[in-house]
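Colleague: Could you walk me through this one before I use it?
Modeller: Gladly; have a look here first.

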Amino acid sequence: MRRYLRAAIVVLLGCAMLPISASADSPYEGYIYDSLRNTPQSINGYLYQDSIDGYDLETGPFVEPSDIFVAEDDTFYIADTGNNRIVRMDGDRNVISVVAPEEGEGKLSSPKGVYVTEEGELYVADTGNQRIARFDSYGRYVGQYSKPDSPLLETGFTFSPSKVVFDKRGYLFAVSEGAHQGLVQLRPDGSFAGFFGANHVEFSWTRLLVRYIATKEQRDQLASVRPPEFSNLFLDREGFIYTTTFGIRANQIKRLSAVGVDILNLNESRRYGDYRMPVERWSSLFEAFVDVSVDANGVITAIDQTTGKAFQYDQLGNLLFVFGGLGNQNGLFMTPSAIDSMSDGTMLVVDKTRGRIDRFRTTPFADKVHEAVKLYVEGKYEEASVPWHEVLRMNSNYDLAYKSIGKALYRAERYEEAMTYFKAAKDRAGFSEAYLEYRKIFLRKHFDVIFGGIALLYALFKAYRYRRSRRRRAGGAAAGGGWKRGGANL
Amino acid sequence: MKPLRMARDVMLHPLEFFYDIQFVGRSKVVAAIALVLLTVAVRVLSLTITGFSYQTREPYQISVVLQAVWIIVPWLTWAVANWGVSTIVDGEGKFVDVLSGSAFAFIPYVVFMLPIAVLTNVLSLSESMIVSGLTAAVYLWVVMLVLMKVKVVHDFELGKVVWISLLTIAGMFVVWFIGLLVFGLVNQAFSFVIGLYKELSFRW
């Protein structure tokens, strides 16, 4: 018995001396998509830092917050929908001010969106009051934009703005819930300037077939097909409006030019989010991108409510990082509703159900990737190669790094090395271009040998033909007959 | 018949060749099976040596079994369906002739696919027109040979050839459908017997 006890103590002590694994494991695993749509593991770009739920603030907890706006000075405004107010905070968890007029015209009702100009003027999508309310930098109510009066609007049109931005010309762009015609664009005086950047109904064979077969009565009973509606919008520094759209599988994120044309997915239809969505009732669910945010370098981050994941893309639409997910742990979300980034790269994600703002810090890996992407997007491929090589040292599955190093080598006219890197990135187009140049140089260099070889082969072939025909002629004459097919066998 | 001469005859004088195989007929089934296996080998090899610019799949995605099935099954079902259909409408061909005739139609594929695959190693994507054009030509050639085979072996005129070929394709789908059905039913029967056995062995 005592021997067992002693053994047990030794074992216990031994266990105590073993290193204990760190408890800061992230509840999600980083991954990336390669060209075959496999998901090799990647190093996490963002890790959970902390949350702000408002319980320790004098303003009390948030109730169903649904939007966040980070201003130039890194203070952020939260549309605290359930409390009918806008809360302004700074990065040290201090409340700076609250916009919540108790009465009068400025009283808010379920504000779902907030936008702040450089001068500090507030535009609030006051969804419950069907208007956009405007406050000055001291939080005093200044005015409002209500439903515009225009013959262009259908009679049944309801103006229920949920998100809003205000561009440099003084035009307002708003997502109006249920408006499938596009973003509502208002002039500075509040008049209607038209719908902006409308989505289109995609062609469908099923629909064509149904229209062809169905009788008129049946057709009338079918729900009319409407273009998918926008869920959110974001105005970047250069004045481009980014949008997210519900209910489509491709081009869910768009960058709209001044005339409302999508310039992010110009040449190819691109799918954002996960390729393999969770399946329910035999059909895979649609991704629901509810918010998009673009930082100073043009890095796009969008959050998908269906998977609860945030997806980050570079300016050209290449996937960089995936983080988050659905769940109860810190770092996962119940219902993510908004996302925005601070100037140091910290991401703020608003969780509507839990009523809190989760903050994610970048990892050193993400900093490296961002550094490289910034140079790469600017076209400085050679300079970008340095951080890209470090990225590859940390994560050799990062195809984008191979691709951009390949481009740098291509530009430096080192085509053979470029081919190796394009091959590693599985970039067939890039490889082919590098190969074309390589082949040109190869042919030029060995022109004499190749040309000489071809000439020699041709001469040999000719000589062979000549000799064969002469021998045959001679043999045929000797046998006293033609040399035609099968003649010898007969 | 020597293999090389046979290949030359099929490609240069297909009508005469298909006419001849009905009467000369020496070990042509063996030759046909060898040809189909050769086709499978050429298919797999050409997929493997295709240049990186033109390679749309990873080496691990190339399955010999799958490629073999995709060649052998259509070949067999085509022969069965074509023989069946043409027998009903007074075709003269015997099943053996149909079976081997269809196999000989693969000869252009066997001869030209490997050079094309080699070519993809030398060409870049901007010259993909050449590769796709050559490939399309080879496939077209194979289809033409199959049609000629139908014409010669059964002694049909042209309009009937097209009509019979369409019927044959429909027949192939019927064969596949029945095959899947039988497979499903046999599967069910097996799982029933296995389930019965399990049930009984749990009881006693």
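Colleague: How many salt bridges are counted between chain B and chain A?
Modeller: The count is one salt bridge between chain B and chain A, where a salt bridge is a side-chain nitrogen of Lys or Arg within 4 Å of a carboxyl oxygen of Asp or Glu. A:Arg439 pairs in this way with B:Glu127, and the closest N and O atoms are 2.6 Å apart. This is a predicted model, in which local features need pLDDT of at least 70 and side-chain atom pairs count only at pLDDT 80 or more, while totals for chains, interfaces and linings use all residues. Side-chain values use heavy atoms, without hydrogens and water, residues are numbered from 1 along each chain as its sequence is written, and chains are lettered from A and ligands numbered from 1 in the order in which they are written.

Colleague: And what area is buried between chain B and chain A?
Modeller: About 1300 Å² is buried between chain B and chain A, with carbon and sulfur atoms giving 53% of that; buried area is the accessible area (1.4 Å probe) that two parts lose on being put together, summed over both. In residue terms, 19 of chain B are in contact with 14 of chain A, contact meaning heavy atoms within 4.5 Å.

Colleague: Switching topic, at what angle do H6 and H7 of chain B cross?
Modeller: The axes of helix H6 (residues 107-122) and helix H7 (residues 128-154) of chain B come within 10 Å and cross at roughly 175 degrees, the axes being lines fitted to C-alpha atoms over the stretch in contact and the angles running from 0 to 180 degrees between N-to-C directions. H6(B) and H7(B) are therefore roughly antiparallel, the term for angles over 145 degrees. Helices here are DSSP runs (H or I, at least four residues) and strands likewise (E, at least two), numbered from the N terminus.

Colleague: Which residues make that contact?
Modeller: Among them are B:Phe112 and B:Ile116 of H6(B), and B:Leu134 and B:Trp141 of H7(B).

Technical notes: Parallel < 35°, antiparallel > 145°, perpendicular 65-115°, else oblique.
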